[in-house]
Amino acid sequence: MRKLKLIWDFYGPDASKTAQHHQIHLTEYIKLNNLNITICGYSNLSDTHAIAYLVVNENEMKPVRDVLKPHRGQVYDGK
């Protein structure tokens with residue numbers, strides 16, 4: 001089954017802190033809705049660009065996407 005990485009982008013000097021905080025909310029959403037999502041995190045892409053993300057199975061993507069409104073998505077390649 002193909003997996004998709006849903007991504008939220010944050011920019012500016014506080015991007016890393018914002019992405020970390022957003023990950024907390026994503027984790028809370030996963031627990032609250034008893035979702036089988038095990039890959040959730042954040043990553044700093046530069047000093048002023050960070051992302052928060054979670055990985056879902058393709059067949060489970062639409063309801064999560066519609067509620068959480070990620071900025072973008074991509075096929076998950078294990079990175």
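Guide: Buried means under 20% relative accessible area, exposed means over 50%, and partly exposed is in between. Keep in mind that this is a predicted model.

Visitor: Okay. Is Arg 2 buried, exposed or partly exposed?
Guide: Arg 2 has 44% relative accessibility, so it counts as partly exposed.

Visitor: What do the side chains of Arg 2 and Glu 58 do?
Guide: They meet in a salt bridge, at 2.9 Å from N to O. The pair links distant parts of the chain, 56 residues apart. Arg 2 sits in the segment before strand S1 (3-11), and Glu 58 is in the loop between strand S3 (49-57) and helix H2 (61-68). Glu 58 is partly exposed too, with a relative accessible area of 35%.

Visitor: How many salt bridges does the structure hold?
Guide: It holds three. Another one joins Arg 72 and Asp 9, with the closest N and O atoms 2.8 Å apart. Arg 72 belongs to strand S4 (residues 72-75) and Asp 9 to strand S1, so this pair ties together parts that are 63 residues apart in sequence.

Visitor: And Asp 9, buried or exposed?
Guide: Asp 9 counts as buried, because its relative accessibility is 11% and the cut-off for buried is under 20%. Arg 72 is partly exposed, at 35%.

Visitor: Which residue does Asp 66 form a salt bridge with?
Guide: With Arg 65, where the closest N and O atoms are 3.0 Å apart. Asp 66 is partly exposed at 43%, and Arg 65 is partly exposed at 33%.

Visitor: New topic: rings. How many aromatic pairs are there?
Guide: Zero, in a search of the whole structure.

Visitor: Then what lies over the face of Tyr 53?
Guide: Lys 5 does, at 4.4 Å from the ring centre.

Conventions: Residues numbered from 1 in each chain as written. Predicted model: local features only at pLDDT ≥ 70, side-chain atom pairs only at ≥ 80, totals over all residues. Heavy atoms only, no water. Phe/Tyr/Trp six-rings, centres within 6.5 Å; stacked < 30°, edge-to-face > 60°. Lys NZ or Arg CZ within 6 Å of the ring centre and 35° of its normal. Salt bridge = Lys/Arg side-chain N within 4 Å of Asp/Glu carboxyl O. Helix = DSSP H or I, 4+ residues; strand = E, 2+ residues; numbered from the N terminus. Buried < 20%, exposed > 50% of the residue type's maximum accessible area, 1.4 Å probe, protein only.
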